Each structure stands twice: as structure tokens, then as C-alpha cells.
Amino acid sequence: MSKLLSPLWRRAQEDEQLEDPRFDGVPQIRQVQTGVVTHLCADYGLIDHAVYFTSGVVLGGVVLCVGDSVQALAVREGAHGQWRALRVERHKDGWENGGSEALMPDDNKLRPLIGTVTSCDRDGGYINQTTYFPRSALCEGFEPVKGDWVLAQYVICPSEWSSQARAVSPLRYRRMDGVSVSVLHGRSGVVGDSVFFNLDSLIVPPGFRPVRGDVVNVVVVESSQSLYCWRALCMTPVQHSGNASGLNMPDDELQRLLENKGGLLVSQENHFGSLLLGNGKELQIWIQNTGSERQRLTCCEFAGWDSGQQFCLRSASLRNDKPPGKDTEDGEDEDSVRMLETNLEIEPGERAFVTVGCDKVVLKKPCSGGAVIEYISYITEITDEDVSLRVNADFQNNYLGEPLDVEFTFNRLTMRRCHCALEQVRHFGDNILFPSMLMLQPPQWSGEWSPQEEDQRLPQEMNENDASQKTDGSSMLTAEMVSVATQTKTDLTMTSKMSIPNPGQFFNVQLNPAQKEAVKRILSGECRPTPYILFGPPGTGKTITLIEAILQVHHHIPCSRVLVCTPSNSAADLVCMRLHQSGFLHTASLARVNATCRPEECMAEELRQYARAGEDIRHASFHRIVVSTCSSAGMFYQIGLRLLSETNGQIVLAGDPKQLGPVVKSKLAAVFGLGVSLLERLMGTPLYSCSERGYNPLLVTKLVYNYRSHEALLDLPSRLFYSGELCVRSQRAVVDALCHWNRLPTKGFPFIFHGVPGD
């Protein structure tokens, strides 16, 4: 009924509006700061009975209800001056702190967007049906088709009630070598089991037409094509099947053609390697004349296909002392599962604590006539005797303090996800959970690392009179380092104007040698799928090392997708904040996936944009970097997504097996080994154990530089747990600040035992 009457509402509003003499056809912009949704239909509605909006302009895809308080940016159109919303954002509920910033019209601000190409023609196309892109916005060599996933930079055009992309590039792309054409039907086909191609958009060498059984090399982009997740951009043959039409030349004749003859030797190095978009590289092919006669090079050309004329030939002086095959780089270019056992024993003098695994509450409000209204709320904070609940806005507005029946329900979601994880173990194989041997894989990135100083220091923070010591008492040369290599550093903000380092350079040049080695191993990934372990005691910079590794993988492996899982929300927020502060990521590259019951005010303001990107779990999975807790990551399995590639997937475990392990209440579970974490169990196997020569560098990197604590506090744990290897690299001004405090029992030893009574 409301849908049938909505045209009457709009017509009535038009009749009530008076002609504005100042309205001369030029669009007017209006900001609605405190509007209310007064009418709502299936996919459109009215704000304050006057501003028309559709569901597509609501930020974050939030489902609005009649009575919701919103803010909007609207434009006036038509002869009657009707207001139409360009963007609508719902105000936070009353129990949420703060408010959103006003929606300011800024048609020059570039905004990132991840989406799919929904239509495309010779002039341009649309992303997500709403954002137009012209052909000039496409990156070089990219010809999109419907279904391609893209990363775009777009602007809002208030005068035209639209948005337009200024730059469009593939979201992910990769090269696949030596794969077979498995299906061919008409002008469409499939390579392997995941790559779709169509001959109308496929770039192939002249005279080549793929047939079933051909072994080919392809460059693919991520695309939703029916059952397939990749689309082939270009294809070149490696080996033709019996039905393939290859070169019309016998193999022996072709071999004679390629042989060195006439005293001429040609270098055999002809593999150009892989390049990122925007980068350049040169491959030098040398020709050596070993005969007695002068030879002349008359022509060089490519034998086959050159997509978009990306390659070119340059003349170079040929010298006998030139090293063959040398590549030269172009100069510029917490939710622990805690289960209460029925027969819990409490020894004399001991106290048993029971953790109630509940985060959902049902409030029952009796009404007249015996009816009962139930409101579901979520626990947000627990103090000594009080529990704070997050409740429905209707309940908050109508509750007058009357008595309520409160029913606590046990949330089994986390436990069910743990059971689901156990069911997935069968797909992993022994190389992941129970590795006994290491099989090396080709490196994911095999570029050259630029020579850099292994010990980066800031002169203004160096003190040549300070002495740094190993915690076992042996003195060593001072090596005061800035504490950017530890997660406790708070001033890591980098300007977004910083340029992306060239391949082979570090984003954070102040990493110590062990941290840099860990980053190189992770980027190379030669041990995959066997887990790689970053072993780091507290304060040794595990977090900042992982941030560097994530940035390296993101920028140098274009087909990569990174999932970061942490044991708690605070740890996930920390990783997300460090990535945000690095300044090397687009906003659309990162998504923070939260539990549905986690309120937005629990997160820092800077992280809320990433949390909104993670509200739709399926769309969040297409972001290049996803940060989540281990429990919330189970939502990806619930929608049918596999989190680890069985062929190229890589697992990195970061932690310290010497610290506290899982909290297990059940004695039966402890007997069967559930009190030992995966990290600790792996470190106890022969493959990961420390030998006389140390750990296997392909599998384990141990961090020993501590940037957080005073040497007096590190001495005992270093000797007990870490073989006396921990070294002090903390800032003296910080760790010595309270060494002479008048309440210290021992001056110079900043340590106090202080009893705290309580639960």
C-alpha cells in the first residue's frame, strides 16, 4: 500500500512547495543535518516529507526504518524544485558516543572504490551500476568486461547527481605459466579449473587459436564469470596439442634455425620475468662474433605476439667483456573457548573462578493482557556488580524503569566455529598441521634486495657514551636504536605523500637485521604451505615486522590477498591502526571485519571507515587485506569461502611459545594436548627445533632485540627461557626515567612487587 501511495506523497509535496524566484535552473545543494525518515517503501523513501532518496544512496548499505534520524546531502531538481538526496547517512543511536561529520560536497576529492564492472562499451562503463568510468580512466593495457573486479579512484559530481571514476585498474592480476586449456565451447573456454576466456576479448599471437589440450601461459585478472573467478587477458602457447595449428616448420629445421652458426654466439637468457604495473625493466641479449669475418645485425623483431606494444627493442653497443644475460633495472621506474567441567575440583586454599561465556541477554517486558515483549541486548561492559547492555533504540526510548525479567543466554557461536575449524582440518594435510619434512617451492618474489645499512640510526637519538648489554651480563658495543621496531611505539604516523619504495627496498628502513630477514623469508614464501614462524619474545617488534611483511606482499605480489587473524579485538585494531598510519595503502585496500554485536564506538575514529567496509562479509573478502579476530574469521567459511589456497597459500605464525598458552578448564582436554598451542607444538618438532647451528632460517626467525624493557627486568627471563640471547635496545630516556624514584626499594632497579586484592 505504501508503495502505491508514495507517488501521491511526492505529488502533494510538489504542490505544497512554492516557486523560488532564485531558482533559475542551476542545481542547489542542501545539507540536511537532523532529518527524520518519514516515509519508506521497498527501495526508496522521504526525509522530512520533502527529500526523496533511494536505498542505493544510503552509505554502508544500512537498512533504514521510519523514524530513523539521518543526515543527507541533497540537490534540487525539476521545475517544481524537488529535493533529491545524493547521500544519506543514519545518525548513531542515542547510546553511541559522538556523531558523524557532516556530508560536505567535495567534487575534487578522490575516493577509493572496490567493485565490479556491471556494464561496458567502447566509450566507457559503470562500476556497481552507479559509478561511470570513461575509457581514458583505464590503466594501460586493461580492457575490462562485465564481471571484472576493479580498484577505482572516483569523484562525486553533485551537479549531475552522479560519481565518475578518474582511474580504474584490476583489483588483482597474476601470470599463470604452463596451464592447460581444459574446455572450449564456441568462442569461450576455460583454462585449468578457474580461468575463463572469450576469444572476442582475448589477446593471442597472430595465427594462434587455442584448442583443448593446449599448454599455455596466460595473464589473468580477478573477475566473476559464472563459476570462474579469473578471466584471461592474454594467452600465448607453450605446447600445442595434436589439433593445434602451430608453426609450419619441422622440429629439426626449427632447431637448426636456432643453433649458433657462422661464428655467432647468442645468449640463451630470454626470460623477462614478471613486472608490476608501472614498472620497467630491460633484458640484454648479447650476440658475440667469434669468427674471423665481420657480421652485421640487420633486423631484430619479436617472434609472435606483443600485447599493446608493451615491449620495444633498443640498439646497444656489443662488447666482448659484457656479462651475458645481465638484467638491468630501469633507473626510474579472545575469544578462548572456556568450558566449565561438571566435576571441577577445588583444592584446599585454592579458589576456582568461573568465566560465564555469555554476551547476549534477553529482556522480557510484561504488557497488558499477559503478553510479553522480548528485547535482545548485548553485554558491552562488566564491572564488579554492574552489567552494561547495548539495547534496541525503541526499548531505550520507552523504558521507564519498571521491573524486567532478565534471561542470560549462552552464545555458542564461538564454540561452533571452533568445531567447524576442526572439520576443516582434513583439507589441510600433514604439511600444515603435522609437518615432518620441508619441500621448497619457487619463490613468490625473486627480485634483488637493495644494499642498505643493516643498523639504521637517527643521529639526534644516539648517545655514544651509552652502553648496550646482553642480558646475560656480557658487555657489548652501544647500539641505541629508535623504538620504531616495537609495537609500543606510538608516533608511527607516516605521511601519505611518501612514495612507494622500489622493489627490493624496505618501507621501514629502521628494522633490525633479524626483522629484515623475516620480511624477506615471508615475501619469498619458499616453505609454503608449511607454516613459517616469527618467534619473538615480548617487546621485540613482532607487530612492526608483520606490518612490513604485509606491505611488501601487498605491493609486490599483485595477485595476493592477506588475511590477518589475531586472538583479540584489541590486537586486530592495533594491526589495522599500524597499517592505516603507514600511509602506503589506499583506503579501499583494507577491511576490518568485526563481530556483528561489536559497537562502533569501541573502535578508534580512524578505523571506522575500514569497519564499515567489513560489514558485508562477502564484499569484504575481495579487499586485498582483511583484518579480523580468529573467531570472526569463521564467518568466511559460513558463506562458503576457503581461506587458504591449496597450491600457493602461505601461513605465517607470529608469537612466543614461551609465554602463556591456551586457557583450558577441562582436565580431559588438557590430557589430550589442547592446552598446547599450534605454535608451541610446532616449535617442539624436529623440523622447527633449534640445533647447534640455530633454527632453520627457512622456517623460523627469532627476534632478540628488546625495545621495551630495562635490562634489569630482562636478565632473569632471558636466562630462564631464551638462552641469554635477549639484547637491550630500549630508549634510555624511557627505561631509566624512574630508576631513581624515591619509592623504589632499590635505586637503579625499576621493579616493585605490589599485591592487588580482588577477583
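A salt bridge is a side-chain nitrogen of Lys or Arg within 4 Å of a carboxyl oxygen of Asp or Glu. That cut-off matters for one residue of this predicted model, D656, which is buried yet has no salt bridge. The nearest side chain of opposite charge belongs to K542, and it is 6.3 Å away.

D656 is found in the loop that runs between β28 and α12, the latter covering residues 667-671. Its side chain does have polar partners. Another, of 2.4 Å, links the side chain of D656 to that of Y722. When neighbours within four places in sequence are left aside, the residues in contact with D656 are F535, G536, P537, P538, L679 and Y722.

The buried residues in question are Q515, K516, A518, V519, I522, L523 and S524.

Helix α6 itself consists of 12 residues, 513-524. From its first C-alpha to its last it reaches 16 Å, close to the 16 Å expected at 1.5 Å a residue. What lies at the two ends of α6? At the start, a side-chain oxygen of N512 comes to within 3.1 Å of the backbone nitrogen of A514. Just after the helix, G525 adopts a positive phi of about 60 degrees.

Terms used:
Residues are numbered from 1 along each chain as its sequence is written. This is a predicted model: local features need pLDDT of at least 70, side-chain atom pairs count only at pLDDT 80 or more; totals for chains, interfaces and linings use all residues. Side-chain values use heavy atoms; hydrogens and water are left out. Helices (H or I, at least four residues) and strands (E, at least two) are DSSP runs, numbered from the N terminus. The expected span of a helix is 1.5 Å times one less than its number of residues. Buried means under 20% relative accessible area, exposed over 50%, partly exposed in between (1.4 Å probe, protein chains only). A polar contact is a pair of N or O atoms within 3.5 Å; within protein, one must be able to donate a hydrogen and the other to accept it, and residues adjacent in sequence count only if both atoms are side-chain atoms. Lys and Arg count as positive and Asp and Glu as negative; His and the chain ends are not counted. Contact means heavy atoms within 4.5 Å.
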